[in-house]
Structure formats: C-alpha cells, structure tokens
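Here are a few notes to read alongside the model. Have a look at it first, then go through the points in any order.

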Amino acid sequence: MAITGDDVSLDQIVPVSRDFTLEEVSPDGELYILGSDVTVQLDTAELSLLFRLPFGSHTRMFLQEVTKACVGLDPATRDPEFQWLSRYRCTPPQEAGSPTLRDWNSAPGTWPACGTIGGGGSNFNNSRLNEKGLLVDQSSGGQDKPESLLLRQNKSKSEITDMVRSSTITVSNKAHMLSMQKFGLRDTIVKSHLIQKEEDYTYVQNFRFFVGTYNVNGQSPKECLRPWLSHGIQAPDVYCVGFQELDLSKEAFFFHDTPKEEEWFKAVSEGLHPDARYAKVKLIRLVGIMLLLYVKQEHAAHISEVEAETVGTGIMGRMGNKGGVAIRFQLHNTSICVVNSHLAAHTEEYERRNQDYKDICSRMQFCQVDPSLPPLTINKHDVILWLGDLNYRIEELDVEKVKKLIEEKAFQTLYAYDQLKIQVAAKTVFEGFTEGELTFQPTYKYDTGSDNWDTSEKCRAPAWCDRVLWKGKNIIQLSYQSHMALKTSDHKPVSSIFDIGVKVINEELYRKTLEEIVRSLDKMENANIPSVSLSKREFCFQNVKYMQLQVESFTIHNGQVPCQFEFINKPGEHSFCKQWLNANPNKGFLLPDSDIEIELELFVNKTTATKLNSGEDKIEDILVLHLEGGKDYFLSVSGNYLPSCFGSPIHTLCYMREPILDLPLETVSELTLMPVQTEDDGSRIEKPMEIPKELWMMVDYLYRNAIQQVISTLPTFHKNVFNYLMAFLQELLKNSAKNHLDEKILASIFGSLLLRNPAQHQKPEITEKKKAQEFIHQFLCHPL
C-alpha cells in the first residue's frame, strides 16, 4: 500500500504529504517543494497476532482491504476505499465527480473537502504563507481521505526520487556533479583533484544549529513551543527537530497516517524564531518517530543532495514502533546527517538498545547523486547529529536515592550510574560521538501536565532518556538543556545549540583551482597518449581436455597517463573471443605507473566440445586489447585439444571400437561429421556396436558395484544387521512354495522397516516408500 505525494509548489499548499524535499529557490524567492512517497507493507497474517485484535467484522474487512491494496500498483486494479472507516470521519466518503489528487495540477488552488480521523488536522482551502515563508492554516477542517491518498500511488517512488535528484546544481556540489557518468574519465580525474585540493578554495564559516528532541507520549500540541524552540536564543541558521511517540494509536501503525503529523508540524512552524524566515527542507516520519529540518531562507540555495530514510527496529526487529529516521544533506561543501531515534524501553533492556543503535547504523543507507556509487551510510558524513529518546536509564540506584540526588542537584554523581555513559565508555555504542555535560535534571518520567515525578503504580525512576550527541570536526556546543515549562507529555523536551564550522566555497579561488587542474591535465594529455606494455602476447594451451580449466596470465603495465582498457570484438563477430575462452577482467581502469594481471581462462564444455572433436573448430583465436584514446594490442591464442567421448555423437561412438585418443584425428573428424543413419547401410567395412562401449562400461560398472558401494558405507553394526536380515529373507524365499512369499511381498514389508527417515523427520512420501521397496527388491533378487 503506497501513499505518494505530488510535485507542487508551496503557493499551492499541499493538503497532506508524508515529507517534502527542498527543490530550489528561484531568483524571485519563490520556494518549490517536492513530495516523496512512503510505502507501508503489512502482512495480513501478522496484524491480528501483533496487536491481538478481536477478529470481528471490522478487523476482517480491514485485512481484506489490506490484502487487496498489496497486490501491486497496476493502474487497472481499483484502489481500496476503506469505506468502513467513514464512521470515524467528520465527513461522508468522497462522491463521484469530487476533485482528486489527479486534478490538482490542472486546477491549482482547488482542494477537495476533507474530514479527519479522530479530529484535529487542518483544512487548506484558506491556507497562506506566513511571514516566515511557512504554511499557516486559516481555518479548521481535516486531512486527505485514505482513498485520495492512495491515488498518489500512480506516481512511483523512482519517478519522485529522480525529480529530487534532478535539482539545480549549486556551488555546494560542483565537485560531486563531476562524478556523474556522462562526464567520463577526464572529469572523474578533475573531481578527484578538486577533492584533494578542497582546502585551497574553501574556508570554514560557522552556522548556528538548533537540535531538539521531544517524546510527546501520543499527545496533540496543547501549548506554544517557543519556550523550547526560540526563547532566549539567537535565530538559528538550521533547525533539526525530532519527535517520538507522535501517535500511539493502532491506526497510525496500520495506515502510516496520522493527523498528529500535521498538528505538530504546524506547532513547530509557529514556534520557530520570530526574527527569521525559514524554509522547510524535509519532513520524514516512521509511525511515531518524526524529524523536521528547516533552514533560514537565505541558506536554502546552498542546500543540496537531500535524502531521507527510515529503519524500523521494533516488533520482530523490523516494525516502526521503534527505530530511527534520518535526513542527510549537503550544506555548502559539508555533508551533514541528522538522526532521530527511539530505542527499546525498560531499564534492563540496555543490550537491546545497543542492538537497535547498531541496526540503525548498518541498515540506514542513502542513495547518491551518481547511481553507480554505493549508498552512503550514517558514518560517511562530515557531521553527524544524533538526537532522540534513547531510553537509557539509571541503574543500580533505587527510586528514592535517584530523587534525593536530583533534589541535591548532584547530577554528576547520578551521571556515573547512567547506562548510556557506561555503554559509551565500554565502546559498545556511539563510538567517536560526544555528549555535552548534563547540567539539567532527568527528563523522564513526569506526571502529565506537571513537574511531579511519576506517581503511577509503576513509579518509574527518573532518567535522562532524551539525549543529543554529535560527531565531526569544527563543532562547538553552546548549550544543552531541558525545558521544564512544557508539560504536555511525561517527558520534557531537550535542546542543544551548536556552532558548526561548514566548508564554504570561495568562487574566485575555486575557479583558479579548477583552471590549474584543467591546465595541468591538458598538458599531461598533450604530452602523452595512453600506452601500456604487455608481459606476454602469445599464449599456447597444451593438451586441453574436456571440462578441465587451463589458465594463462599476463600483466599490463601502464605508462604515465591514466587509461581505460577493454577487449573488443573483431569485425563481424559478436564476442571478443571464442566460446571456450574468457579474459578476466575483460576491461578496467589503470592509474599511472600501475599494473594489472589478466587471466585467460580456457574451458571446454558440452557446448563447444563437439566442434573441437570434429575439427570444425580449433584452439586458435586472436584477442584485441583496446586502449581508450590509444592504440590496439593483438594477442595470439593457440593450443591443441584432446578429443573425448564427451561431446561426440552417439552414432559416432558406436563406430569407435578403440579409445578415441588412440584414433587418428582424421578418423575422429570423419566419424564425427558422419550423418546419422536409421540403420547400417553396409557401406562401412566394420559393423558398428549396438551401443557405445563407453556407455556400456559405465552402466556395467554401476550395475556390479553401485549396490555394494552403498552398503559398504554403512556403519559396521548396521551393515551386519542388514546382511543378516537379507540372508534370512533369502532363506524364506527358498521355501516360497510352502510359505507363499515372494520378493515383492517381502520388499513391501521390509522396505519401510529397514529404510526410514531419522526420528523427528516428516513421514516419507509414496515415491520414497517405492524407492525403498525397489532397493530391498534388488538384494532379494541378486544376493551379495
């Protein structure tokens, strides 16, 4: 079931979308965004088990709809309507003729009337841009209906991803764009030199980052977020805002859709610093884990290569009730990755939390601009900001002792018992990361709506569950605090302010550096053309046999110019070599003054043996080694093949009374090319054998030895018992006239008794029983 956003501009205002990607800011300052899709795959057999739903009519209808929704994205397949959900909506199901997402591009500014599931949300008919350039709701209402959202699946994820990556090239990714395949070898070298000389044309400029995390316990926003997001600080250049437990309902898990996403997005947008205008770069959500990224409007043009991914580590290690979401992007010439995670709960589950962290690190992968390059992992970034409800608790102290230390503000004493501190010191998690000093009281667990510690029956011990860590160079933490003023949840929000040094390109120095690199490359290309030396050019394979690999190798040594080499086809041929030959590798890239070993592999199989036996083909070939921008080199391959009965026609073998290797090659060739005859016409002096001698010898050997070989492999005691019973059964057969027994009856009885599967294996099928009977029957008819 795919829910897919459409490519629309902010002035059209998208009613509901899973996340947005900053595409570009045009010269007139208009902000364009691009919706991308989120795919939810639900196993119908697991849903009832996971959530222990009563299997009533609604559940059954839900599973039926999900089953239909997962059959594929065939446009001919009618989208599921989930009409049974209408009882939970404020408005009736959409009628025929109502505008849908497919109509929006043709009628911008016209939106369908929408209802809500469980209330909340907003109607975008009267939306506008506020003074920050952000979406502001002007009226009440709801969000898209599921049936409208499902229509978005007509735009595939790959199409949307392509549009994201086709954004305008900015200064910040000039070096990266050179890696695209269309620029070829020359520009790959230029890119490599630009990366090496990056310090020559960049300088470090500090950008103010706000990083915040808040576990909202499934609540809707009930208070202004400015005390957390903007009170008493300078306007940040970048906002990274993460939430956990955004929605705890089963509907959020099932449909990957919740009105609380829009509610909290709106609350954050209204809580940003009033002294600046911000553009939303990206929103990514996995069930209740959401991450928002904003930048000041003046920095938007310097954001590029935006990608977002999710990793679920919850139920069965994959579901989205726990896990992480991440956004990676390029700010000027510095790569940044922001991760928001919600790890496993409960004090004793610290090892599970460690594993959740490792799973997020290993499974979170981002596509690169150049599709030929491998995906980027979290650690492949200049700066990493990790926030979230990490759920590490305080151990070894009882609840009262913890509260007493908090009352005394003995935070450093208490910090010694913090599980995250202990695990980081043991290098089991967050290796290389840094966390600022904890000078605020634990952020969990409070009675909702107050600053009182948990008074519920469970009486949870206070803990620093909500944390911010970082990794990278040129990072200075200016503040790290909790915000007690917010009382919506049983957690308190946490924020950290950073000054992060970002590499910014000096355009004039960049141009000079690029010119120097190109000038140097031109000089090198003009002074030299690609040339290599080969350690060997003639190869002779002696006494080649059927299905026996022979390998000859040689070395290519490159000169002073980087080059690409490849074995190319000769005129009029479909392959660079004959079927029985292969070159490994058959193409590659060589740096200056480097070597590579090439192996020529000769292997004759059933496809090529017949022509080699008959003489129609010979171990002879010429290989052409081509250098791009240089000359061609010719390699000679020769050898002799030893004919074999394998690959020879059956009628040919019937005329060969001697081994094929003892016959003259002319005779072998003549017999192999001889046409097939229905019967011997008497034209040949020697009468052919009825079957090939090779086949007769093989079958005879198997007939005489195969059964004995099977018995000889049995353990001694098993073999003795088997032989003893066979002797007994053969004695019974000698008196068959009196006991009326025969081989078939005894084989049927004793086949399943003597030959059966080991204990705890499934019962043998009828075919297996029949094989066992035939095996015993052989021994009864042919005593050892």
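1. A surface patch here is built from residues with over 30% relative accessible area and no salt bridge, with like charges joined within 9 Å and nonpolar side chains (Val, Leu, Ile, Met, Phe, Trp, Tyr) within 5 Å. A salt bridge is a side-chain nitrogen of Lys or Arg within 4 Å of a carboxyl oxygen of Asp or Glu, and areas come from the Shrake-Rupley method with a 1.4 Å probe, counting only the protein chains shown as cover for residues. Leu 695, Met 698, Val 699, Tyr 701 and Leu 702 make a nonpolar patch of about 490 Å².

2. Bear in mind that this is a predicted model: local features need pLDDT of at least 70, side-chain atom pairs need 80 or more, and totals for chains, interfaces and linings use all residues. Numbering starts from 1 along each chain as its sequence is written, and side-chain values use heavy atoms, leaving out hydrogens and water.

3. Back to Leu 702: you'll find it in helix H20, residues 693-712. With a relative accessible area of 46%, Leu 702 counts as partly exposed, because that label covers what lies between buried (under 20%) and exposed (over 50%). Across the protein's 784 residues, 47% are buried.

4. The protein has 24 helices and 28 strands, taken as DSSP runs numbered from the N terminus (helices H or I, at least four residues; strands E, at least two).

5. Look for an open antiparallel sheet of four strands, ordered E20-E22-E26-E24; strands pair if DSSP finds at least two bridges between them. E20 (532-534) and E24 (581-584) are the edge strands. Eight bridges link E22 (550-558) with E26 (595-602), and Gln 550 has Leu 602 as its bridge partner in E26.

Key: Buried means under 20% relative accessible area, exposed over 50%, partly exposed in between (1.4 Å probe, protein chains only).
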